[in-house]
Amino acid sequence: MASWAALSSSIVEYFQGEDFYRCGYCKNESGSRSNGMWAHTMTVQDYQDLIDRGWRRSGKYVYKPVMNQTCCPQYTIRCRPLQFQPSKSHKKVLKKMLKFLAKGEISRGNCEDEPMEPTMEDAVAGDVALINKLDIQCDLKTLSDDLKESLKSEERKKGKSAKKAESHDLIQSQNIEAKLGSGEPSHSIGVLTVPKPGKGADLSKPPCRKAKEIRKERKRLKLMQQNPAGELQGFQSRGEALSLFPPKARSNQPKSLEDLIFESLPENASHKLEVRLVPVSFEDPEFKSSFSQSFSLYVKYQMAIHQDPPDECGKTEFTRFLCSSPLEAENPPNGPACGYGSFHQQYWLDGKIIAVGVIDILPYCVSSVYLYYDPDYSFLSLGVYSALREIAFTRQLHEKTSQLSYYYMGFYIHSCPKMKYKGHYRPSDLLCPETYVWVPIEQCLPSLENSKYCRFNQDPEAVDEGRSKEPDRLQVFHKKAILPYGVYKKQRRDPSEEASVLQYASLVGQTCAERMLLFRS
């Protein structure tokens with residue numbers, strides 16, 4: 001047995017059975033159903049593994065919807081930032097922000113926003129009283145196929161340019177043109193010719209090309225099929241550039257997400273926006289000094305956007321849901337410079353906070369928890385803007401920590417129209433609720449149109465590879481000692497506990513069951 005004094009593991013307290021709540025999505029008074037546990041403390045790796053099995057936290061309460069029984073099934077969704085391309089609507093939001101910062105221009109068009117979660121109430125399945133009660137009872141704490149990669153691989157092949165500038169050939173995929181505009185990744189490469197200026201060429205039709213050029217292209221493709229290496233050497237020996245896109249064509253490629261976000265502003269810009277990453281800790285001076293302003297913003301947001309009465313968005317509720325995290329901060333040498341844990345990403349406009357994105361930085365992802373913002377700035381679409389900033393932030397973290405390459409957006413609820421917007425950040429995947437494998441959302445949507453609950457894994461023989469296989473190896477924390485469940489149950493000899501423990505093991509999986517400590521009183 002291990003001593004509690006040397007403990008650095010997750011400690012959780014599981015609540016047997018399923019809880020029924022009022023659904024925040026369809027408003028069914030008792031339709032929402034989930035399993036839950038209180039996390040007194042939790043490592044970032046354990047939480048990463050739990051959200052990859054459909055769990056999600058709200059404060060220190062960690063819950064998992066009973067997918068085949070709840071009224072509105074909630075599927076874990078993740079975006080793949082390394083392949084992400086902003087859609088036209090995303091670009092409009094980013095340009096709107098730049099115009100506001102540069103010239104003070106205010107667009108009063110469509111001010112609809114997309115917060116990462118609809119309401120604080122929904123985030124915990126509708127029972128705030130339960131969380132508050134558990135907080136009191138359980139406070140033991142005092143105890144890439146990336147687009148760039150695709151282009152790089154193609155640049156090894158030969159793209160031949162004509163002698164005259166006006167007749168440059170552009171070797172580019174029709175799919176690239178269509179998909180870059182829609183935010184989808186692209187893979188295949190075809191052949192197009194750039195239309196001459198002033199000509200309204202229909203790019204949906206095969207372009208007109210000279211017979212000589214067509215013969216050259218056919219010969220080149222034939223050589224590539226027969227001997228790609230020799231073909232490239234042959235073109236190089238004639239002194240022609242080895243590049244898929246001529247320089248002029250490359251300059252016409254769409255701007256990256258970073259280009260759109262960090263476009264330079266004039267020296268006399270009307271406004272200044274600064275984004276600060278602050279650890280969620282009252283020991284952090286920046287978090288502590290900004291707490292009052294952040295809390296006031298939260299109250300203003302909840303009352304204006306979600307019509308919460310003042311007594312439901314007090315300092316206690318704010319602290320428990322958005323400032324109290326079970327995640328232990330970690331700063332390994334191979335991790336991101338900011339470390340792992342829970343953070344507030346504060347958006348400061350001209351010296352005041354106008355939005356706060358609550359996020360968890362985990363070994364493989366940035367996980368969005370919640371967003372609240374100043375309703376006076378709804379015209380900036382801060383929900384969309386913050387999501388795009390968080391995607392860009394994930395890409396930034398990936399540069400140093402290569403395994404951190406996903407952006408988790410919480411739950412996707414296909415049956416709730418207001419929550420379907422999360423599927424617009426492409427490419428993205430949904431988690432199969434039975435086998436816990438990720439499936440591209442495009443493959444899931446047809447099934448979801450026919451049924452609220454779906455198994456996305458199309459292999460009928462596939463099973464949950466991480467399921468609990470040896471429950472006796474589960475770790476128990478009892479009377480300040482750690483011991484395997486097999487030993488614990490022999491000492492206790494209380495069969496009434498077994499159903500609860502086995503249910504817990506089946507939901508968290510074998511790996512977490514062996515790593516986390518299940519508190520038993």
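Which residues of α2 are buried?

## Helix α2

The buried residues of α2 are His90, Lys91, Val93, Leu94, Lys96, Met97, Leu98, Phe100, Leu101 and Ala102; buried means under 20% relative accessible area, with a 1.4 Å probe and protein chains only. Helices (H or I, at least four residues) and strands (E, at least two) are DSSP runs, numbered from the N terminus. The cover over these buried residues includes α10 (257-261), β9 (273-279), β10 (341-349) and α13 (382-400).

Helix α2 has 16 residues (88-103) and should span 22 Å at 1.5 Å a residue, which agrees with the 22 Å between its end C-alpha atoms. The expected span is 1.5 Å times one less than the number of residues. Just after α2, Gly104 takes a positive phi of about 80°.

## Basis of the model

This is a predicted model, in which local features need pLDDT of at least 70 and side-chain atom pairs count only at pLDDT 80 or more, while totals for chains, interfaces and linings use all residues. Residues are numbered from 1 along each chain as its sequence is written, and side-chain values use heavy atoms, leaving out hydrogens and water.

## The open sheet

Eight strands form an open sheet of mixed pairing, in the order β9-β10-β11-β12-β13-β6-β14-β15. Its edge strands, β9 and β15 (438-440), each pair on one side only; two strands pair if DSSP finds at least two bridges between them.

Strands β6 (residues 75-79) and β13 (residues 406-412) run antiparallel and are joined by four bridges. Tyr75 has Tyr412 as its bridge partner in β13.

Definitions and conventions:
Buried < 20%, exposed > 50% of the residue type's maximum accessible area, 1.4 Å probe, protein only. Contact = heavy atoms within 4.5 Å.
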